[in-house]
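Please keep the sequence and the coordinates at hand while reading.

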Amino acid sequence: MSQVLPSAQPVNHQQINPTDNMSNSNNAANEFNQNTAINVDASEVEKFNNLASEWWNKTGAFATLHEINPLRLNWIEDNVKHGFMSADSSKIAELGLAGKKVLDVGCGGGILSESMARRGADVTGIDLGTENLKAAALHAEQSNLDNTLRYQHIPIEQLAETHAGQFDVVTCMEMLEHVPDPTAIVEACFKLLAPGGVCVLSTINRNPKSYLFAIVGAEYVLRLLDRGTHDYAKFITPAELDKMALNAGFSRQDIIGLHYNPLTKRYWLAQNVDVNYMMAVQKPLL
């Protein structure tokens with residue numbers, strides 16, 4: 001039995017006032033410019049901001065994310081190793097995330113960002129939920145990760161204009177199914193990566209099974225999520241995501257399904273991608 005996993009990050013792409021390059025954690029929450037907005041659902045930002053105090057409560061609203069994070073982290077690192085090995089890069093593939101410059105898009109409270117920093121990566125998390133970023137920055141400070149982990153309040157499209165080609169790895173987890181234009185996010189991920197870099201995306205498939213598990217099961221039967229959390233029409237099939245990635249310039253590296261049994265509370269990865277799935281893609285060297 002598979003069950004949809006709660007969304008990890010707020011959907012958050014609005015124009016903001018210009019910020020300094022790569023602000024540190026104390027400068028994470030810059031003010032929005034409310035006069036312009038792109039690729040954003042403001043209700044999503046508000047929803048996760050309201051839950052900001054829950055991010056690091058391992059038995060709270062984001063308990064599922066804490067439980068699945070080791071699975072996601074290991075799969076991401078395996079694909080980073082594979083990608084850099086195939087790219088014959090000057091970066092040492094065997095070290096995985098260690099020594100890599102990583103961008104975590106829609107980082108929320110920093111659960112994945114911190115785990116990648118602990119693996120030796122230099123991590124920048126971006127999000128537009130100011131309360132989420134405050135929670136993430138506070139926890140990073142308490143964890144003594146200030147030197148290798150920072151957060152910035154900025155849309156990915158804006159960051160791509162100033163930091164193109166500056167990251168070895170980009171992750172964007174549980175976000176694409178919420179934004180109005182996921183293609184623009186994928187294109188920005190491509191632009192931000194250095195040649196040979198690896199991008200890992202996760203989202204929810206669109207089919208009768210995913211509707212049953214992601215909406216009926218999770219929101220109405222098991223009540224793992226608030227009703228209305230997901231919009232079935234915004235779910236993305238692997239073929240659609242593959243096309244977005246290929247059109248952006250990526251080559252596909254791997255794809256895997258992420259599964260949960262609510263009875264045994266067991267999580268695992270498998271080839272079935274009917275509901276939640278992750279896709280790893282790579283930017284060509286030239």
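**Burial and exposure in a predicted model**

Val 221 lies in helix α7, residues 208-221, where helices are DSSP runs of H or I with at least four residues and strands are runs of E with at least two, both numbered from the N terminus. The model is predicted, so local features need pLDDT of at least 70 and side-chain atom pairs count only at pLDDT 80 or more, whereas totals for chains, interfaces and linings use all residues. Residues are numbered from 1 along each chain as its sequence is written, and side-chain values use heavy atoms, with hydrogens and water left out.

Surface
- Val 221 counts as exposed because its relative accessibility is 58%, the cut-offs being over 50% for exposed, under 20% for buried and partly exposed in between, with a 1.4 Å probe and protein chains only.

Helix α6
- Helix α6, residues 182-192, is mostly covered, with eight of its eleven residues buried.
- The buried residues include Ile 185, Val 186, Phe 190 and Leu 192.
- Among the elements that cover the buried residues of α6 are β1 (101-105), β4 (167-172) and α8 (238-248).

Leu 145
- Leu 145 sits in the loop between α4 (130-142) and β3 (149-152), and is buried at a relative accessible area of 10%.
- When residues up to four places away in sequence are not counted, Leu 145 touches Glu 114, Arg 118 and Ala 140, contact meaning heavy atoms within 4.5 Å.
- The C-alpha atoms of Leu 145 and Ala 117 are separated by 7.4 Å, although these residues are 28 residues apart along the chain.
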